Amino acid sequence: IDTAQVTAIDPTLIKSLTSTNQAFTTDPNVAIGEIVTYTVTITVPEGTTPTASLRDVLDPGLAFVDCQSVIASPTLSTDQPGGFAAACTSPTVQAEPPGDPVAVNQGRRVTLALGNISNTDPDISTAETLTFVYRAIVLNASGNDRGVGRSNAATFLWAGGSASASASNVIIVEPTLQ
């Protein structure tokens, strides 16, 4: 009897602060009302990653604005109606914690449903990726004071596992009045 050892490879996740929209601040510094752009890259192993989703929970004082784009390697596909683009165009945006009526907590949790992801590339040495670019706004909210850091953690979930990553903090700056 011949035997072979197979090592299962789980998906991985990288999240980074890509840019902000104001020229008068220098990343990672942000002002109230500034738009922060994040990039999340998921490396998907060969085979099927069932019941997948991407969830991001933003710190209080940040709120989801929109998903700008999704780019999938050519050998990745999903059974999600509308494909990967539908995840970007119609995410589920909620308060964090879910159901919390407090204004500063609205729009803090975003979930992009990805369905069953298939990676049909037979070359396991080539990383197949799914990359999302989305934006959040720095709210004019209690607690968003000078010097305060705001972060968030993205989690890629699938049946049987998860992978998480955080972007570097953004730091609130305010003008000094004289």
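The model is predicted: local features need pLDDT of at least 70, side-chain atom pairs count only at pLDDT 80 or more, and totals for chains, interfaces and linings use all residues. Residues are numbered from 1 along each chain as its sequence is written, and side-chain values use heavy atoms, with hydrogens and water left out.

Start with the sheet. Four strands build an open sheet, in the order S1-S3-S9-S5, with antiparallel pairing. Strands here are DSSP runs (E, at least two residues), numbered from the N terminus. Two of them pair if DSSP finds at least two bridges between them. Strand S1 (12-20) and strand S5 (62-72) stand at the edges with a single partner strand each, so one side of each lacks a neighbour in the sheet. On average, neighbouring strands of this sheet are turned by 20 degrees against each other, direction ignored. The axes behind that angle are lines fitted to C-alpha atoms; angles in general run from 0 to 180 degrees between N-to-C directions.

Look at S1 and its partner. Eight bridges join S1 to strand S3 (residues 35-44) in the antiparallel sense. Lys15 has Val40 in S3 as its bridge partner.

A salt bridge puts a side-chain nitrogen of Lys or Arg within 4 Å of a carboxyl oxygen of Asp or Glu. The structure holds three of them. In one, the side chains of Lys15 and Asp56 meet at 2.3 Å, N to O. Asp56 lies in strand S4 (residues 47-58) and Lys15 in strand S1, so this pair ties together parts that are 41 residues apart in sequence. Are these two residues buried or exposed? Asp56 is buried, at 1% relative accessibility. Lys15 is buried too, with a relative accessible area of 6%. Buried means under 20% relative accessible area, exposed means over 50%, and partly exposed is in between (1.4 Å probe, protein chains only).

Another salt bridge joins the side chains of Asp66 and Arg135, at 2.8 Å, N to O. Asp66 sits in strand S5 and Arg135 in strand S9 (residues 128-138), and the two are 69 residues apart. Asp66 is partly exposed at 21%. Arg135 is partly exposed at 24%.

Arg109 and Glu96 also form a salt bridge, with their closest N and O atoms 2.7 Å apart. Arg109 belongs to strand S8 (residues 109-119), while Glu96 is in the loop between strand S7 (92-94) and S8; the two are 13 residues apart. Both Arg109 and Glu96 are buried.

Now return to strand S1, where Thr20 has its place. Thr20 counts as buried, at 17% relative accessibility. The side chain of Thr20 makes a polar contact of 2.7 Å with that of Asp27. It makes another with the side chain of Glu34, at 2.9 Å. A polar contact is a pair of N or O atoms within 3.5 Å; within protein, one must be able to donate a hydrogen and the other to accept it, and residues adjacent in sequence count only if both atoms are side-chain atoms.

Next comes strand S11 (residues 152-158). Five of its seven residues are buried, so S11 is largely enclosed by the rest of the structure. S11 pairs with S4 in the antiparallel sense, over six bridges. Here Val57 stands opposite Ala153. Six bridges also join S11 to strand S12 (residues 161-166), again antiparallel. Leu157 has Ser162 in S12 as its bridge partner. S11 and S12 form a hairpin with two residues between them, and Gly160 in the turn has a positive phi of about 100 degrees.

A nonpolar core is a set of buried Ala, Val, Leu, Ile, Met, Phe, Trp, Tyr and Cys residues joined through side-chain atoms within 4.5 Å. The largest one here has 35 residues, of which Leu54 and Leu114 touch the most other members. Leaving aside neighbours within four places in sequence, Leu114 is in contact with residues including Leu54, Phe84, Leu130, Phe132 and Phe156. Contact means heavy atoms within 4.5 Å.

Finish at Val138, in strand S9. Val138 is buried, with a relative accessible area of 1%. Beyond four places in sequence, Val138 touches residues including Val30, Ile32, Val36, Leu62 and Ile172.
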